[in-house]
Protein chains: 2
Amino acid sequence: MNLELDFRSGIPIYLQVVDRIREMIADGRLKPGGQLPTVRALAAELRVNFNTVARAYRILDEAGIISTQQGRGTYILENPPPAESESMRRAAFASLTDRYLADALRLGFPPEEILAALRQQMKSKEEGVEK
Amino acid sequence: MNLELDFRSGIPIYLQVVDRIREMIADGRLKPGGQLPTVRALAAELRVNFNTVARAYRILDEAGIISTQQGRGTYILENPPPAESESMRRAAFASLTDRYLADALRLGFPPEEILAALRQQMKSKEEGVEK
DNA sequence: ATTATTATTGTATAATTGTATCATTGTACT
DNA sequence: AGTACAATGATACAATTATACAATAATAAT
């Protein structure tokens, strides 16, 4: 993977890993769809604990740059999130809503009940975030 | 089989498969007595290991919804447990709603807008049914 | 028709991968 | 010194995959 770290720079290892990988994706050394080394493999290469690599991967995951999947590995995402256009966003949302409504109706739930369930679900989610 | 998975959702694949199949049975897209794809066939379609599908099938089997038979295949049972039928319908609806809400929020739409879009969509549908 | 062989199906177990939690270390600031 | 906090490590865990296996069906051989 050829990823150089500076253990004396004072910059946390996990941040260095994040930056190096960002660079490699930006300049094409790593390609969308490709697989990154496993946390353990990269950690061994860097002589570092695998949790440190996992932390770097998690940050890149939350940034929408890679996708980490338990048991499968971590992959570079196809479309680094350069803010998809508004019209695409609305279209995606519309078709999503369309499909949901069709599915719910097919299950035999009446419109009011569907709205009620959605409101309920939103409420649960909010409370869940409160921790 | 037309079964969509989200590898980034954090929800285990085998649970997603369980939910999707529950939905398809609950809303009639899959019929009692019918045969499900073999674990290997479905796994190939989903780009997943067949043990992951087997795990989903086992859960559905233990719930009394399908019957998996070594060397023969897996079949949808004729009489879903009477109590199971209604709860299955509700479970399917719940997971459907959960997934829709998560997807919509990820697209960046606020709760009120989601509800509004759904109401709008219902209205269109009603009018569309009238001749 | 019967039997043997091969292919296809689900099952069991171990290995691999990322995740969660807590302990340890080091550094900055009182 | 002592405290607080961030970074890293150790350990246990859950999801997925890899491999070998057993049961049933399908086919070939006789």
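In this predicted model, the surface near DNA strand C draws at least two residues from each of α2 (39-46), α3 (50-62), β1 (66-69) and β2 (73-76) of chain A, and likewise from each of α2 (39-46), α3 (50-62), β1 (66-69) and β2 (73-76) of chain B. For the surface near DNA strand D, the elements that each supply at least two residues are α1 (13-26) and α3 of chain A together with α1 (13-26) and α3 of chain B.

**Surroundings of DNA strand C**

- DNA strand C is surrounded by 22 residues, and the closest are Val39(A), Arg40(A), Asn51(A), Arg40(B) and Asn51(B).
- Of the atoms of DNA strand C that come within 4 Å of the protein, 55% belong to sugar and phosphate.
- By residue class, the surface near DNA strand C comprises 16 polar, four nonpolar and two charged residues.
- Two side chains of chain B approach base nitrogens of DNA strand C: a polar side-chain atom of Asn51(B) lies at 2.7 Å, and one of Gln70(B) lies at 3.1 Å.

- Sugar and phosphate make up 61% of the DNA strand D atoms that come within 4 Å of the protein.
- The surface near DNA strand D divides into ten nonpolar, ten polar and four charged residues.
- Base nitrogens of DNA strand D are approached from both chains: an N or O atom in the side chain of Asn51(A) is 2.7 Å from one such nitrogen, and for the side chain of Gln70(B) the corresponding distance is 2.5 Å.
- A phosphate oxygen of DNA strand D lies 3.3 Å from a polar side-chain atom of Arg55(B).

**Interface of chain A and chain B**

- The contact takes 33 residues from chain A and 35 residues from chain B.
- Four salt bridges are found across the interface; one of the pairs with a salt bridge between side chains is Arg90(B) with Glu113(A), at 3.4 Å from N to O.
- Eleven residue pairs are in polar contact across the interface, both residues of each pair being at pLDDT 80 or more.
- On the side of chain A that touches chain B, the elements that give two or more residues are β1, α4 (86-106) and α5 (111-130) of chain A.
- The largest share of that side of chain A, 15 residues, comes from α4(A).
- That side of chain A divides into 17 nonpolar, five polar and eleven charged residues.

- Thr97(B) is placed in helix α4 (residues 82-106) of chain B.
- Thr97(B) counts as buried because its relative accessibility is 2%, under the 20% limit.
- The side chain of Thr97(B) makes a polar contact of 2.8 Å with the side chain of Tyr100(A).
- Leaving aside residues up to four places away in sequence, Thr97(B) touches Tyr100(A), Ala117(A), Leu118(A) and Gln121(A).

**Thr74(B), a residue in strand β2**

- Thr74(B) is found in strand β2 of chain B.
- With a relative accessible area of 7%, Thr74(B) is buried.
- Beyond residues up to four places away in sequence, Thr74(B) touches Gly34(B), Gln35(B), Leu36(B), Pro37(B), Tyr57(B), Ser67(B) and Thr68(B).
- Thr52(B) is 22 residues from Thr74(B) in sequence, and their C-alpha atoms are 15 Å apart in space.

**Positive phi angles**

- Most residues other than glycine have a negative phi.
- Arg47(A), a residue other than glycine, has a positive phi near 55 degrees.
- Arg47(A) lies in the loop between α2 and α3 of chain A and counts as exposed, at 74% relative accessibility.
- Asn2(B) is likewise not a glycine and has a positive phi of about 50 degrees.
- Asn2(B) is found in the segment before α1 of chain B and is exposed, with a relative accessible area of 71%.

Technical notes:
Residues are numbered from 1 along each chain as its sequence is written. Chains are lettered from A and ligands numbered from 1 in the order in which they are written. This is a predicted model: local features need pLDDT of at least 70, side-chain atom pairs count only at pLDDT 80 or more; totals for chains, interfaces and linings use all residues. Side-chain values use heavy atoms; hydrogens and water are left out. A residue is near a molecule or strand if one of its heavy atoms lies within 4 Å of it. A polar contact is a pair of N or O atoms within 3.5 Å; within protein, one must be able to donate a hydrogen and the other to accept it, and residues adjacent in sequence count only if both atoms are side-chain atoms. Helices (H or I, at least four residues) and strands (E, at least two) are DSSP runs, numbered from the N terminus. Ala, Val, Leu, Ile, Met, Phe, Trp, Tyr, Cys and Pro count as nonpolar, Asp, Glu, Lys and Arg as charged, and the others, Gly among them, as polar. Buried means under 20% relative accessible area, exposed over 50%, partly exposed in between (1.4 Å probe, protein chains only). Contact means heavy atoms within 4.5 Å.
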